[in-house]
Amino acid sequence: MSTAPPSHPEAIDPYALDRDGLAAVLAELGAPAYRARQVHAWLVRGVDDPEAMTDLPRDLRDQLGERFAPARPELVAHTVADDGHTHKLLLRYPDGEAIETVLMLYPGRATVCISTQAGCAMGCPFCATGQLGFRRQLTAGEVVRQVVVCDAALRSGTIDADSLPEDAPDHVTNVVFMGMGEPLANLPATLATVGWLHDPEGFRLSARGITVSTVGLVPGIDKLADVGLPVTLAVSLHAATDELRDELVPVNRSHPLAELEDAVRRYRDRTNRRVTIEWCLIGDVNDDAHQADRLAVIARRLRAHVNVIPMNPTPGVRWKEPSKRATHAFVARVRDRGANITLRDTRGRDADAACGQLLASYDLGSGSRLPAAVGAAERVDQLLPLRQGPAS
Ligand code: SAH
Ligand code: SF4
């Protein structure tokens, strides 16, 4: 651990720096260029304490100790569900804001679902995060660190071995921007994170292993296309007529379906990537034949793949999940009309970690925070990278 607190007026969270920014800090300190690469490699391995960067000279470690102000969240709770295949982390920042990150393990695949905002301003009425309203943006460092923590925990074996499936990979292979918040309403942090993830000296994820899910912010979709990486774009459609979408996805009033479709088409043409349409299926709201028919038309026009997620129940939401019968009838009808469609599992439900259930355990009414996921506290120490012990 560093002995002296960061004292430099420009002290910065190292994960908020991209590689050029890191190189600039090291150059300012008079260090040769390869030192920036060494520091970057430590950061990728989850080590942000210069004291633990043992291949750096003593004086450089001291200087970095002053320049770095790591914004480490506190791990408030770690909840395990689905026989160890789903891990939900509740992270709290020094200002009291909290977010959730979900690590999902599949055979040979480890997917992290990250948050980009504390709360969300978009107000989709079926989503727990939407009920919170907007709290604040996460910084780039706060978003990147969610991946760092999960990756380092997998690499170092610090997640309780009993709760890991045998075939779990030892590093993060996929990242989905489907946690709390609207990623395209926090473009700086989203794009910086995509940079870290795709960097061949960073997490080395393929662009297709990265999915950015958006409620349909058209200018943001175009800016994401400008990055020039074929990142998978998932569009949360949920309704195939403006009338219904205005209600389910209020931002539709600013960017109606026709405008959104154009943006998706531009994205697809520029990246050559098939776009995903997300459809949160709500009982007696958007599970009827008319919506299925309209959805099939849009999906075929966009050559998109439709992912149906039966609505996960969440407090304060008056709607109900669809019946099994309605769900299967909806999927079959869209498929019969020639569109690609799959039904997604409800992973994470028993840990309240499924889509739309991320609340960061705020008390909905008052906005105060609850001690979440009671019973998980004994696992807190097992996520070593949050505490920044020596590197493995
Ligand atoms: N803000 C972005 C990304 C986060 S939400 C977006 O809306 O796309 C991730 C996905 O969860 C979205 O498709 C969202 O519509 C869906 N979702 C929200 N609430 C849900 C719920 N209660 N049940 C199932 N899916 C939900
Ligand atoms: Fe925000 Fe997405 Fe939830 Fe809508 S569904 S409120 S955009 S997090």
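Predicted model: local features only at pLDDT ≥ 70, side-chain atom pairs only at ≥ 80, totals over all residues.
Residues are numbered from 1 along each chain as its sequence is written, chains are lettered from A and ligands numbered from 1 in the order in which they are written, and side-chain values use heavy atoms, with hydrogens and water left out.

Helices (H or I, at least four residues) and strands (E, at least two) are DSSP runs, numbered from the N terminus.

Strand 11 has a parallel partner in strand 10 (residues 276–281), to which six bridges join it; two strands pair if DSSP finds at least two bridges between them. Within this pairing, Thr 276 has His 305 as its bridge partner in strand 11. The chain passes from strand 10 through helix 10 (residues 289–302) to strand 11 in a right-handed β-α-β crossover, meaning that, with the strands pointing away from the viewer, the path from the first strand over the helix to the second runs clockwise. Strand 12 (residues 340–343) also runs parallel to strand 11, joined by four bridges, and Ile 341 in strand 12 is the bridge partner of Val 306. Together with helix 11 (residues 324–336), strands 11 and 12 make a right-handed β-α-β unit.

Turning to helix 2 (residues 33–44), its twelve residues reach 17 Å from the first C-alpha to the last, close to the 16 Å expected at 1.5 Å a residue; the expected span is 1.5 Å times one less than the number of residues. Its buried residues include Arg 35, Gln 38, His 40 and Trp 42. The buried residues of helix 2 pack against helix 1 (19–28), helix 3 (58–67), helix 5 (140–156) and helix 6 (187–198), where contact means heavy atoms within 4.5 Å. Just after helix 2, Gly 46 takes a positive phi of about 95°.

Around ligand 1 there are 20 residues, of which Phe 126, Ser 213, Ser 236, His 238 and Asn 312 come nearest; a residue is near if one of its heavy atoms lies within 4 Å. A nitrogen atom of ligand 1 is 2.9 Å from a polar backbone atom of Phe 126, and a nitrogen atom is 3.0 Å from a polar backbone atom of Gly 181. An oxygen atom of the ligand is 2.5 Å from an N or O atom in the side chain of Ser 236.

Among individual residues, Val 175 sits in strand 7 (residues 174–177) and is buried, with a relative accessible area of 0%. Beyond its neighbours within four places in sequence, Val 175 contacts residues including Val 112, Ile 114 and Val 147. Val 175 and Val 147 are 28 residues apart in sequence and 7.8 Å apart in space, C-alpha to C-alpha. Arg 204, in the loop between helix 6 and strand 8 (210–214), has a positive phi near 55° and is exposed at 64% relative accessible area. Arg 303, in the loop between helix 10 and strand 11, has a positive phi near 50° and counts as exposed at 53% relative accessibility.

Terms used
Buried < 20%, exposed > 50% of the residue type's maximum accessible area, 1.4 Å probe, protein only. Polar contact = N/O pair within 3.5 Å; in protein donor to acceptor, adjacent residues only side chain to side chain.
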